[in-house]
Amino acid sequence: MARKKIALIGAGQIGGTLAHLAGLKELGDIVLFDIAEGVPQGKALDIAESAPVDGFDATYRGTQSYADIAGADVVIVTAGVPRKPGMSRDDLLGINLKVMEGVGAGLARYAPDAFVVCITNPLDAMVWALQKFSRIPHHRIVGMAGVLDSARFRRFLADEFQVSVKDVSAFVLGGHGDDMVPLVRYSTVGGVPLPALVEMGWTSWERLDAIVARTRQGGGEIVALLKSGSAFYAPAAAAIAMAESYLKDQKRVLPAAAFLDGEYGVEDTFVGVPVVIGERGVERIVEIALASDEKAMFDNSVASVQSLIEACKGINGALT
Ligand code: A3D
């Protein structure tokens, strides 16, 4: 059986890490595409030279030509610019929308059957635009944000309780912005929901509130530390988990920016909700009942995403 083909559009910080992880996990052969000449070629060669040391089989190719992504099974998009200290994700909209137009044309022509994971910010609006430009069917294109946001939440909770990250599960809804909605009552340690852990005296509501606030600001915390560029190890790991679930039909339940067509009362919008990812892409959207305060937070987050979508329409008249 031929190996799967994974195309990475953007070979920057996240793209390079994706290429390395996809090789280490033997997910398939890898094509790195970037407009910066030499960068995808250099990273491809460097990672390919690590394969004998780590003992994995994958071929690597760096390219400036979309023709080389032809027939890709999975495409992960990080092309564009990341934020710098003081910038919000939304400040990237104008530049990255143009980038999505070019990427969308490349996907439409050479990889219309791929499962597409978009990472470029502002995430929810960019995946919406990329779907419009590429015409990839809605169930085969998602945005990566929730796996990362919930991983941050899990990390901080594991540190708080001094337990293994493996036994912490966390639930995050909404857009990938500072108004995302970490859902405390659906987050558990060893199956015990967080409110019960407060009652058991393991932590306090004040400490949980601080962890929720830190999760919401998780991306900004790293931007402020790095000073040039944004997080890349955890975002890459998160997108690889989504790609792997598709390629191996794992049917994992993961939060993703998925297309909502009436679910949660939302239309024509990509926003973070739990989904099942398997061989058919987004196979199911998990629609949970929200309490009134959670619904208010979710609606607020959706409204922010929709205002960015309107801004995209204002910039590019072809988007409707
Ligand atoms: P960076 O290291 O700058 O890589 C981006 C790459 O895109 C560069 O190598 C550019 O040359 C390339 N590029 C620019 N324009 C094009 C184009 N038209 N076609 C192909 N390639 C192009 O950034 P990064 O890898 O750190 O981040 C990439 C994106 O991910 C940014 O928009 C970040 O804001 C975003 N990001 C999202 C998350 C989420 O959780 C959603 C987390 C972290 C970063």
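How many aromatic pairs does the structure hold? In this predicted model, there are 7 aromatic pairs. One of them joins F171 and Y186, whose rings are tilted, with 5.3 Å centre to centre and 35° between the planes. This pair links distant parts of the chain: F171 sits in the loop between β7 (168-169) and β8 (172-173), and Y186 in the loop between β9 (181-182) and β10 (188-189), 15 residues apart. F171 is buried, at a relative accessible area of 17%, whereas Y186 counts as partly exposed at 31%.

Y264 and F298 also form a tilted aromatic pair, with 5.2 Å from centre to centre and an angle of 50° between the planes. Because Y264 belongs to the loop between β12 (252-260) and β13 (269-278) and F298 to helix α10 (residues 292-315), the pair ties together parts 34 residues apart in sequence. Here Y264 is buried at 8% relative accessible area, and F298 is buried at 1%.

Turning to the annotated site, the unreviewed UniProt entry gives a "binding site" that covers G10, A11, G12, Q13, I14, G15, D34, N96, I119, T120 and N121. Among these residues, G10, I14, D34 and N96 are included in the lining of the largest pocket. G10 is found in the loop between β1 (5-9) and α1 (13-24) and is buried, with 4% relative accessibility. Beyond residues up to four places away in sequence, G10 touches G15, F33, D34, T78 and A79. I14, in turn, is placed in helix α1 and is buried at 15% relative accessible area. Its contacts, leaving aside neighbours within four places in sequence, are T78, I119, A231, F232, P235 and A236.

Conventions
Residues numbered from 1 in each chain as written. Predicted model: local features only at pLDDT ≥ 70, side-chain atom pairs only at ≥ 80, totals over all residues. Heavy atoms only, no water. Phe/Tyr/Trp six-rings, centres within 6.5 Å; stacked < 30°, edge-to-face > 60°. Helix = DSSP H or I, 4+ residues; strand = E, 2+ residues; numbered from the N terminus. Buried < 20%, exposed > 50% of the residue type's maximum accessible area, 1.4 Å probe, protein only. UniProt positions renumbered as here; feature names shortened; annotations may be inferred. 1 Å grid on protein atoms, 1.4 Å probe; cavity = no way out; pocket = protein on both sides within 12 Å on 5 of 7 lines; lining within 4 Å. Contact = heavy atoms within 4.5 Å.
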